[in-house]
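My entries follow in the order in which I made them.

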Amino acid sequence: MKIVELQQVEKVYQGVPALQPLDLELHQGEVLGLFGHNGAGKTTTIKLILGLIGATTGKVSVFGEDPTRSDARHLRRKLGFLQENVSFYDQLTGLEVLQYFARLKGVAKQTCPELLAQVGLGDASKRRVKTYSKGMRQRLGLAQALLGEPELLLLDEPTVGLDPIATQDFYHRIEQLKQQGCTVILCSHVLPGVEKYIDRALILGQGQLLAQGSLAELRQQANLPATFHLQGDALTLPEPLAARLQHSANGRQLAVPLAEKMAILQQLSGLAGLEDLDIQLPSLEDIYTYYIRTQCGPEAGQ
Amino acid sequence: MNAILSVANKEFHDGLRNRWVLSICIILSVLAIGLAYFGAAAAGKVGFTSLSSTIVSLASLAVFIIPLIALMLAYDGVVGEDENGTLLLLMTYPLSRWQLLLGKMVGQGAVMAFSTLVGFGSSAVMMGLFSDTDWQSLLSAYGVFILSAILLGWVFIAIAYVISASVSEKSKAAGIALICWFVFVLVFDLGLLGLLVGTQGNVDETLFPYLLLLNPTDIFRLVNISWFADQNLTGLMAIAQQTQFTTLSLFGSLLAWLLLPVSAAMVIFNRRGL
């Protein structure tokens, strides 16, 4: 089932194109990573899907309906959203804030304490939000997005301000939701460690679609080399590998096209003097940097 | 309906939590009790004086303070949520814009109404207990006064929302709210007086009192003065005395003054970009 469908969607703000024609299809249970530099059109895409703004041209449909129509408002019960930098109501306690949003969403208040406990705010639920740290506000935001077991979850920079353990917990929660059939859009500059959890990535730059596909597909398209880290003082490489060897502060490195990876690995493993070997595949960050650099110029993405 | 009540409930709760309700209650009751008891101090005595002079002097003080409180209470109603990021979030909930706006106005209107009732009501109770005014005339006089004061507060809450929905920064909203207070409370009356003096009183006598209806604070004063028509009046109010507006028609004008900014705020908020 198609949860989100964008057909040639374009958004122009006062003559400035924020998003150039974009096609996107998202099926139930998929997790999409939406990446791009600041002002790349991520938030615009999210707002279009949420129905907060209308497309200049093209068609947006969410759960099969146009999200900007007022009769599609009931669909928002199935939706969870967390935006960047939300600070909530300082004078109310975490629990009161969550209960307020629960009432608006038509979700039973009794689920609130449990939800707060799940995001690690169980002990702080009776404290006023003004005493919360950035990470705690972010958790409260997450709890709010998870109200009423949404079928579509849009998260803009969800792990900002979260410590590593909380980030791990967060990704596990996404995994669980995905298994329950929830569709998730994760939006970010690059998130380290997000690779394992996303099915597909979409990279935007200056309002244009730069690349779209699974991580394996993107790796292939970008054709970035794998890096071999070699250790061993007595190691001498046969030609032509020796010419490609680079020396850096942390040892000797060999950049190998992905297609030749196995052949070279076999060749290397037979060599005397090789003490250790590490293989690093191009990470999401490398792929992202590659697309941004090659298509938006070297300054972009900094 | 449920959504409006949820929002209103949260706003009222917020008002209790950040001590708005408490501070308005204290300010208004100190003002009212103080005036009722020391109102005649200038005449060389303390103690409760006549009901009518108490209410009229209360009204002329309330006309300054109530619009100010209402504007301060509500000026960041929309723009504050926008700066917090909660406006964007709320708009992804199954809640329409007018429901949010109306809910917020109802909630803050309740804060204003509750505080006005408690603050001024306390002075009515004091006067009933410790002076020889009979309860019946006391209640009706204070009833009219408190009701009109609440309406005045609501009018300025609605005006504050018009300001709040039109601007993109909180500080700008605060500045405009202050100017708005200054215009309605001071400049307008001075302007009318200036018009009278400048034309040497040569303005249409039947038309002139109606100009007062262009300002909700003047309507509020007229309501309370028309209730005690035996008072010796000075300034602009004396002019209006010649044209007898009924109390009911004055309340009607206040209601019109409430509906106008409420609808304007809705229209402006609907057009506001996110």
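**Entry 1: the interface**

I began with the contact between the chains of this predicted model. On chain B, 25 residues are in contact with 25 residues of chain A, contact being heavy atoms within 4.5 Å. I noted the area buried between chain B and chain A as about 2500 Å², with 59% of it from carbon and sulfur atoms. Buried area here is the accessible area (1.4 Å probe) that two parts lose on being put together, summed over both. In chain B, the residues that lose the most area to chain A are Arg17(B), Tyr93(B) and Pro94(B), together 26% of what that side buries.

For the record, residues are numbered from 1 along each chain as its sequence is written, and chains are lettered from A and ligands numbered from 1 in the order in which they are written. Local features need pLDDT of at least 70, side-chain atom pairs count only at pLDDT 80 or more, totals for chains, interfaces and linings use all residues, and side-chain values use heavy atoms, with hydrogens and water left out.

**Entry 2: polar pairs and salt bridges**

I counted 11 residue pairs in polar contact between chain B and chain A, both residues at pLDDT 80 or more. A polar contact is a pair of N or O atoms within 3.5 Å; within protein, one must be able to donate a hydrogen and the other to accept it, and residues adjacent in sequence count only if both atoms are side-chain atoms.

Which elements supply the side of chain B that touches chain A? I found that α1 (2–17), α4 (79–84) and α5 (86–90) of chain B each supply at least two residues. Helices (H or I, at least four residues) and strands (E, at least two) are DSSP runs, numbered from the N terminus. The largest share of that side, 10 residues, comes from α1(B). Sorted by class, the side of chain B that touches chain A has 11 nonpolar, 10 polar and 4 charged residues. Ala, Val, Leu, Ile, Met, Phe, Trp, Tyr, Cys and Pro count as nonpolar, Asp, Glu, Lys and Arg as charged, and the others, Gly among them, as polar.

I then looked for salt bridges (a side-chain nitrogen of Lys or Arg within 4 Å of a carboxyl oxygen of Asp or Glu). Over all chains the count comes to 15, and between chain B and chain A it is 1. In the bridge of Arg17(B) with Glu96(A), the closest N and O atoms are 2.9 Å apart. Arg17(B) lies in helix α1 of chain B and Glu96(A) in helix α2 (residues 94–105) of chain A, so the pair joins two chains.

**Entry 3: a sheet of 3 strands in chain A**

I traced an open antiparallel sheet of 3 strands in chain A, in the order β2-β1-β4. Two strands pair if DSSP finds at least two bridges between them. β2 (16–27) and β4 (57–62) of chain A stand at the edges with a single partner strand each, so one side of each is left without a neighbour in the sheet. From one strand to the next the twist averages 20 degrees. Axes are lines fitted to C-alpha atoms, for helices over the stretch in contact, and angles run from 0 to 180 degrees between N-to-C directions.

Strand β1 (residues 2–13) of chain A pairs with β4(A) over 5 bridges in the antiparallel sense. Glu5(A) stands opposite Ser61(A) in β4(A). Helix α1 (residues 42–50) of chain A lies across β1, β2 and β4 of chain A, at about 120 degrees to β1(A).

**Entry 4: a sheet of 4 strands in chain A**

I also traced an open sheet with the order β11-β12-β10-β13 in chain A, again with antiparallel pairing. β11 (245–248) and β13 (276–280) of chain A are the edge strands. Strand β10 (residues 226–231) of chain A is joined to β13(A) by 5 bridges, and Gln231(A) stands opposite Asp276(A) in β13(A). Helix α8 (residues 261–269) of chain A packs on this sheet and touches β10, β12 (251–256) and β13 of chain A.

**Entry 5: one residue of chain B**

Last, I looked up Val162(B), which is found in helix α7 (residues 135–166) of chain B. Leaving aside neighbours within four places in sequence, Val162(B) is in contact with Pro261(B), Ala264(B), Ala265(B) and Ile268(B). Val162(B) and Ile268(B) are 106 residues apart in sequence and 7.2 Å apart in space, C-alpha to C-alpha.
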